[in-house]
Amino acid sequence: MLDLPVRASHLALVLTSDEKLQEREHLTQLCQRFGAQPPAKEADHYSAQFDGFQIRWEQHGEFSTYTFYAQDNPEGPFTKPALKSVPIDWLAMMPGQIMVATHAAIIADAPDSDSVADEESDSHVSIIAEKYFKKNPVVGSRVTGGAARVFTDFRIHNDGFSRFLIVNRDLRPEQSGRLLHRLFEIEVYRIMALMAFPIARKLNPELKKADRQLYTITSAMTRNDSNDGELLDELTTLAAEIENHISSNHFRFAAADAYYHLVEQRVADIREVRIQGIQTLGEFIKRRLEPAMNTCRSTSTRFTLLSERVGNASQLLRTRVDIIIERQNQGLLTSMALRAKMQFRMQQTVESISIVAITYYAASLVGAIAHALHAKGWPVNPDVAEGVAIPFILFIIGLGFRRIHKVIANTTE
């Protein structure tokens with residue numbers, strides 16, 4: 001809850017893991033300087049009232065915010081911002097990189113406002129622009145059910161801060177705090193969302209290069225004389241490069257989309273009503289931020305689709321390589337089958353010759369035995385004995401080879 005009128009300064013800083021630890025110690029030092037209770041060790045938000053100003057600290061996923069409040073506007077809303085009440089040496093040692101710096105002030109509406117001013121005429125807005133925004137084009141609207149009017153130019157002024165001016169008509173103290181908080185969130189989330197835009201622009205040439213390379217590879221795949229092995233190597237390298245881009249920047253693009261939705265939600269929360277003659281905050285943000293977000297989404301989507309196309313091309317090429325290898329294997333098996341058949345026929349030929357040779361030697365052995373018996377006086381004709389033995393020898397040898405074939409067949413089974 002804030003006492004009106006009030007001045008506020010808001011800082012958003014991006015921090016590394018080490019800087020987040022330093023930040024907590026740095027905030028503790030400020031509390032000790034003013035004799036206040038520091039934040040708890042695991043706390044991610046903190047607020048306290050110090051001498052001359054009030055502080056609100058919040059730690060988010062990749063950034064932290066500091067909001068400083070000071071009551072009254074003795075010299076005008078932006079002449080002495082709330083940040084002037086904070087020790088300058090402590091501010092100079094804040095860890096992290098400042099991403100957003102903005103001043104805001106809630107001032108009372110002029111008691112003698114005439115009916116023209118009450119209707120938010122162009123002349124009234126021109127006076128505000130000239131007095132507080134250095135004649136820059138002003139964006140504004142009635143907010144919170146008409147209880148206040150908000151004006152800004154979304155410009156960085158000479159002091160390095162942007163500005164929000166809230167003209168109070170019927171704001172309650174609790175409404176003023178919520179309104180300031182939402183306006184600061186709009187500015188922070190808007191800038192955080194835009195962090196992805198330079199990355200998208202940087203990746204655009206890489207995306208075009210990868211697309212052309214994929215087209216070259218797929219065109220080569222249609223030719224019969226292409227080297228499928230080399231094409232597959234090129235596709236694998238291209239797929240690795242694309243996946244590297246996707247994994248390296250997926251978080252930033254996803255975060256940008258989430259921040260943009262938060263901006264839209266916060267704009268809806270302040271319940272804008274148009275002021276005649278000027279853009280509302282929502283219109284200004286939509287016209288400036290939405291094209292950048294569309295570029296980021298388009299880049300992310302194109303990389304995802306390109307990865308799918310590379311995967312499809314790789315699958316197609318691998319299928320073709322597998323078919324070629326299968327055909328080669330089939331040819332090799334056919335050749336091996338033919339070679340085995342020839343070897344079998346040669347084996348049969350050799351086996352037949354072997355039978356004849358064995359029969360010859362066995363018959364010769366029978367003839368030799370018959371000659372020996374004839375020489376001993378036995379009534380045996382060696383030639384007849386040898387000729388008669390030949391059929392029996394052939395029969396016995398045939399049975400032997402048949403037995404051997406059965407043993408080999410049983411062994412292979």
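Is Glu187 buried or exposed? At 4% relative accessibility, Glu187 counts as buried. The notes below take that residue and its surroundings in turn. The model is a predicted one.

1. **Glu187 and its partner.** Glu187 forms a salt bridge with Arg190, and the closest N and O atoms are 3.1 Å apart. Both residues belong to helix α5; they are three residues apart and therefore separated by about one helical turn. Arg190 is buried too, with a relative accessible area of 13%. The cut-off for buried is under 20%.

2. Glu185 and Arg266 meet through their side chains in a salt bridge, at 2.4 Å from N to O. Glu185 counts as buried at 12% relative accessibility. Arg266 counts as buried at 17%. A network of salt bridges links Glu185, Arg266 and Asp269.

3. **A bridge from α1 to α2.** The whole structure holds 11 salt bridges. One of them joins Arg33 and Asp89, with the closest N and O atoms 2.8 Å apart. Here too the pair links distant parts of the chain: Arg33 sits in helix α1 (residues 17–33), Asp89 in helix α2 (residues 88–92), and they are 56 residues apart. Arg33 is partly exposed at 45% relative accessibility. Asp89 is partly exposed at 43%.

4. Helix α5 covers residues 173–194 and includes Pro173. Pro173 has a relative accessible area of 31%, so it is partly exposed. Gln175 is in helix α5 as well. At 9% relative accessibility, Gln175 counts as buried. Beyond residues up to four places away in sequence, Gln175 touches Thr144, Ala147 and Asp170.

5. **Two positive phi values.** Thr144, one of the contacts of Gln175, has a phi near 55°, a positive value in a residue other than glycine. Thr144 is in the loop between β6 (139–143) and β7 (148–152). It is buried, with a relative accessible area of 14%. Arg271 is not a glycine either, and its phi is positive at about 55°. Arg271 lies in the loop between α7 (228–269) and β9 (273–274). Arg271 is partly exposed, with a relative accessible area of 48%.

6. **The sheet.** Nine strands make an open sheet with mixed pairing, in the order β2-β3-β4-β1-β5-β8-β7-β6-β9. Its edge strands are β2 (45–50) and β9, and each pairs on one side only. Strands β1 (residues 6–14) and β5 (residues 97–108) are antiparallel, with nine bridges. Val6 stands opposite Ile106 of β5. On to β8 (residues 162–168), the pairing of β5 is parallel, over seven bridges. There, Ala105 has Leu165 of β8 as its bridge partner. Strands β6 and β9 pair in the antiparallel sense over two bridges. Arg142 has Val273 of β9 as its bridge partner.

7. **Two nonpolar cores.** The largest nonpolar core has 61 residues. Those with the most contacts inside it are Val150, Ile166, Leu179, Leu180, Leu183, Leu281 and Met293. A second, separate core has 23 residues, including Leu13, Leu30, Trp90 and Leu91. Back in the largest core, Leu281 contacts several residues beyond its neighbours within four places in sequence, among them Val139, Val150, Phe154, Phe164, Leu183 and Ile270.

8. **Helix α8 and its surface.** Leu373 is found in helix α8 (residues 281–375). Leu373 counts as partly exposed at 31% relative accessibility. With Leu365, Ile369 and Trp378, Leu373 makes a nonpolar surface patch of about 410 Å².

9. Val380 lies in the loop between α8 and α9 (382–412). Leaving aside neighbours within four places in sequence, Val380 is in contact with Ala370, His374 and Ala385. Between the C-alpha atoms of Val380 and Leu30 the distance is 135 Å, for a separation of 350 residues in sequence. Leu30 is a member of the second core. The C-alpha atoms of Pro173 and Gly387 are separated by 134 Å, and these residues are 214 residues apart along the chain.

Technical notes: Residues numbered from 1 in each chain as written. Predicted model: local features only at pLDDT ≥ 70, side-chain atom pairs only at ≥ 80, totals over all residues. Heavy atoms only, no water. Core = buried A, V, L, I, M, F, W, Y, C linked by side-chain atoms within 4.5 Å. Buried < 20%, exposed > 50% of the residue type's maximum accessible area, 1.4 Å probe, protein only. Contact = heavy atoms within 4.5 Å. Pairing = 2+ DSSP bridges. Helix = DSSP H or I, 4+ residues; strand = E, 2+ residues; numbered from the N terminus. Patch = residues over 30% accessible without salt bridge, like charges linked within 9 Å, V, L, I, M, F, W, Y side chains within 5 Å. Areas by Shrake-Rupley, 256 points an atom, 1.4 Å probe, with all protein chains shown as cover. Salt bridge = Lys/Arg side-chain N within 4 Å of Asp/Glu carboxyl O.
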